[in-house]
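Here is a short report on one protein model. Look it over first, then read on.

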Amino acid sequence: MTKIKIFDTTLRDGEQSPGVNLNQLEKLEIAKQLERLGVDVMEAGFPASSQGDFDAVEKIAQTITKSTVTALARANKKDIDRAWEAIKDAAKPRIHVFIATSPIHMKDKLKKTPEEVIDIAVSMVQYAKTKCADVEWSAEDASRSDLDYLVTIIEKVIDAGATVINLPDTVGYTTPKEYGEMFKYIKAHVSNIDRVDLSTHCHDDLGMALANSIAGIQNGATQVEGTINGIGERAGNAALEELAVALEIRKDFYPFTTQLVLNEIKRTSDLISKFTGMVVPGNKAIVGRNAFAHESGIHQDGVLKNAQTYEIITPELVGVQSNNLVLGKHSGRHAFKDKITQLGFHLSDDKLSEAFQSFKQLTDRKKEVTDDDLFVILMDIQTDVTNRKQYQLKSFQVHYDSNLSPTATVALITPTGEEVDDAKTGSGSVEALYNTIESLIEESIQLTDFTLSSIGKGKDALAEVHVSMNVNQHAVSGRGTAQDVLEAAATAFLNAVNRVFINKE
Ligand code: KIV
Ligand code: ZN
């Protein structure tokens with residue numbers, strides 16, 4: 001079995017999904033979970049793109065000890081300096097430098113000749129190497145580049161010190177056969193190729209990202225780049241959970257293995273979906289809600305007689321557990337602490353007390369507290385930003401009468417600490433609530449998406465709302481979880497507005 005290294009770029013390419021913008025604490029929580037999942041490398045961000053991204057990458061680099069932490073840089077000194085500055089404290093740092101190599105990108109985007117691109121790539125890899133021993137170089141749009149040009153430039157960047165060569169299918173255009181042949185050609189013609197790891201990086205525009213990644217490793221790639229849940233630019237990236245499980249389930253066929261801890265997959269997927277607001281489709285392979293549901297009578301009958309008739313993956317393999325009752329009204333602090341440790345959380349005493357208090361409040365309203373409920377409490381505690389200046393919901397009321405327009409009354413604390421209130425109507429309760437909140441804040445808002453789902457089962461399940469909106473022309477998303485649907489809606493709205501406000505600050 002050849003070990004394939006997993007390079008996760010959820011925090012960089014994944015965060016480039018339209019409307020996704022994670023705050024620093026959310027990025028840090030995701031990074032910690034990616035480390036538990038066992039990724040070899042995590043791309044924490046693109047430090048030159050903003051101060052916020054720089055800060056998040058720096059924090060992740062200072063926290064993560066097992067995985068390599070890398071940061072993206074365009075092929076210029078300023079970007080490389082920023083990337084290095086952000087990751088220099090990492091236990092295992094890597095600088096990731098990229099430049100485009102396809103004729104269309106070199107001519108129309110970079111306005112450089114192929115020779116100039118070679119000079120820039122070589123000198124910038126040499127420059128990155130003066131700072132960091134581990135330097136990955138990516139040939140952006142490799143799959144639409146001339147093969148012999150790739151051979152020339154790759155040979156030179158390896159001589160300049162690159163340790164990993166990544167050949168992205170940037171626009172998701174290639175096919176498995178074509179992509180595989182590119183790797184085969186590079187392996188056969190680049191004289192010093194055995195000194196480096198070769199890497200795939202596939203986008204899913206034609207739905208072939210996973211198949212292309214596998215074709216890459218069948219032809220010599222030893223690293224696969226992708227994201228959890230396949231999120232990313234446009235149609236997204238190769239879904240790493242699909243790759244890892246496909247290699248495991250079909251190990252009779254594929255001679256490759258990864259070090260991912262498969263039963264951490266579901267938790268990682270849930271966390272990322274929650275924080276990004278990108279809901280996983282029910283029929284998504286491996287992590288979709290229905291991935292293990294058998295609906296037809298014939299299938300159910302077969303599964304009852306022998307699960308393997310229709311089930312090739314067990315839910316347990318990827319960490320899907322039935323939502324059994326875990327704690328209740330009478331559970332004490334000790335049992336609570338044990339349970340959250342089992343869930344993988346390690347809180348300071350203060351945070352533990354805060355979480356325990358929220359748990360107790362929940363047991364007043366909810367008889368059965370499930371893992372999902374605890375997960376929400378813990379995530380809210382971990383990512384709490386209430387000590388920052390931002391909009392806070394003080395109180396609200398919504399009056400609904402089937403014969404009248406619903407009316408909402410809302411009181412907010414503004415970022416300057418002022419208390420403001422107003423009342424407005426709408427054609428529904430949520431609209432009335434949102435119209436009122438909008439009248440109280442300065443930012444200009446256009447709501448573009450609203451989704452409501454329940455966490456767990458039963459009438460007393462928690463409500464979770466995700467919103468996407470343009471706040472002062474910036475696309476942002478927000479989430480809110482509460483026992484009540486309207487409270488979750490109000491919290492999600494303010495969560496999105498506060499992201500813009502905090503960034504502005
Ligand atoms: O898709 C791509 O080409 C990229 C590079 C920056 C690695 O994301
Ligand atoms: Zn990409």
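Is Ile-413 buried, partly exposed or exposed? Ile-413 counts as partly exposed, because its relative accessibility is 22%. Here buried means under 20% relative accessible area, exposed means over 50%, and partly exposed is in between (1.4 Å probe, protein chains only).

## About the model

This is a predicted model: local features need pLDDT of at least 70, side-chain atom pairs count only at pLDDT 80 or more, and totals for chains, interfaces and linings use all residues. Residues are numbered from 1 along each chain as its sequence is written, chains are lettered from A and ligands numbered from 1 in the order in which they are written, and side-chain values use heavy atoms, without hydrogens and water.

## Around Ile-413

Ile-413 belongs to strand β12 (residues 407-413). Strands (E, at least two residues) and helices (H or I, at least four) are DSSP runs, numbered from the N terminus. Leaving out residues up to four places away in sequence, Ile-413 touches Gln-390, Tyr-391, Gln-392, Lys-394, Glu-418 and Glu-419. Contact means heavy atoms within 4.5 Å. The C-alpha atom of Ile-413 is 51 Å from that of Ile-165.

## The nonpolar cores

Ile-165 is among the residues with the most contacts inside the largest nonpolar core, which has 113 residues. Such a core is a set of buried Ala, Val, Leu, Ile, Met, Phe, Trp, Tyr and Cys residues joined through side-chain atoms within 4.5 Å. Helix α5 (residues 114-129) gives the most to this core: eight residues. Domain 1 (2-276) and domain 2 (325-382) both contribute, so the core lies between them. The domain bounds come from an automatic or database domain assignment.

Trp-137 is another of the core residues with the most contacts. Beyond its neighbours within four places in sequence, its contacts include Val-97, Ala-121, Ile-154 and Ile-165. A second, separate core has 29 residues, among them Val-420 and Tyr-434.

## The zinc site

Which residues hold the protein donors of the zinc ion (ligand 2)? They are Asp-13 (OD), His-201 (NE2) and His-203 (NE2), at 2.0 to 2.2 Å. Donors are N, O and S atoms within 2.8 Å of the metal (3.2 Å for Na, K and Ca); water is not among the atoms, so sites may look incomplete. The spacing along the chain is D-x187-H-x1-H. His-201 is buried, because its relative accessibility is 5%. His-203 is buried too, at 4%.

## An open sheet

Three strands form an open antiparallel sheet, in the order β14-β15-β16. Two strands pair if DSSP finds at least two bridges between them. β14 (445-455) and β16 (474-482) are at the edges with a single partner strand each, so one side of each has no neighbour in the sheet. β15 (residues 462-471) and β16 pair over nine bridges.
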